[in-house]
Amino acid sequence: MGWRKITMLNLLGEHTCRIDAKGRLMFPAKLRKQLDGVMHHGLVVNRDIFEGCLVLYPKPEWDKVNGEMSRLSRYNKQHQLFQRKFMKGATHVEVDNAGRINLPSSLLEYAGIDPKTANDVIVSGLGEKVEIWNEAAYHKQVVQDDEAMDFGALAESVRKDIEGSDAQ
């Protein structure tokens, strides 16, 4: 098997996409193009345990996440609970020849996406991963939160966290 250099991903773009009644997501061509160098490895979709959306990782990125999980102790109950909750539902998926990804019904249900009634979802590149949102939840949690949030204070807080981790 040939060795390919994997570059750091910076997935960008926000797309309104369709999910058909069978749970197949028409994956945006612009994101497929950004994933061109790693798409042959496949993708892993899972729950985002913090936000209520789905997260799609290129397999090499998922392997990094899985590596972090493997550092948790199998003898620590909290570690095992976290790993179980975090990994629950993780599923290997591939983009078919028509550019679609078949999303598991249990994950769609978790994200509040009903392919029979709500066909539009928001697919958003977020660095090394892609988020898949129920359209209404996205507007409530991301768009409306922008209006109420003091983004400057958030940026300052996050920057302090980054500077603190750089100093270590």
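**A walk through the fold, starting with two helices**

The axes of helix 2 (residues 59–70) and helix 3 (residues 77–87) come within 11 Å and cross at roughly 160°. Axes here are lines fitted to C-alpha atoms, for helices over the stretch in contact, and angles run from 0 to 180 degrees between N-to-C directions. Angles over 145 degrees count as roughly antiparallel, so helix 2 and helix 3 are roughly antiparallel to each other. Helix 2 passes helix 3 in a left-handed crossing, meaning that the near helix is turned anticlockwise from the far one by less than a right angle. From helix 2, Trp62, Val65, Asn66 and Met69 make the contact; from helix 3, Phe82, Gln83, Phe86 and Met87 do. Contact means heavy atoms within 4.5 Å.

This is a predicted model, where local features need pLDDT of at least 70, side-chain atom pairs count only at pLDDT 80 or more, and totals for chains, interfaces and linings use all residues. Residues are numbered from 1 along each chain as its sequence is written, and side-chain values use heavy atoms, with hydrogens and water left out.

Now step back. The protein has six helices and eight strands. Both are DSSP runs, numbered from the N terminus: helices are H or I with at least four residues, strands are E with at least two. Along the sequence, the pattern reads β-β-α-β-β-α-α-β-β-α-β-β-α-α. Among contacts with a separation of 6 or more, 63% join residues 24 or more positions apart.

Next, look inside. Of the 168 residues, 32% are buried, which means under 20% relative accessible area with a 1.4 Å probe, protein chains only. In soluble globular proteins, nonpolar side chains tend to be buried together. A nonpolar core is a set of buried Ala, Val, Leu, Ile, Met, Phe, Trp, Tyr and Cys residues joined through side-chain atoms within 4.5 Å. The largest one here has 24 residues, and among those touching the most other members are Phe27, Leu56 and Val123. Strand 3 (43–47), strand 4 (54–58), helix 4 (105–110), strand 7 (120–126) and strand 8 (129–134) each supply at least two residues of this core. A second, separate core has seven residues, including Val44, Trp62, Val65 and Met69.

Take Leu56. Not counting residues up to four places away in sequence, Leu56 touches several residues, including Phe27, Val93, Ile101 and Ile132.

Finally, find Ser124 in strand 7. Ser124 is buried, with a relative accessible area of 11%. Beyond four places in sequence, Ser124 touches Gly13, Glu14, Lys129, Val130 and Glu131.

Notes
Buried < 20%, exposed > 50% of the residue type's maximum accessible area, 1.4 Å probe, protein only. Parallel < 35°, antiparallel > 145°, perpendicular 65-115°, else oblique.
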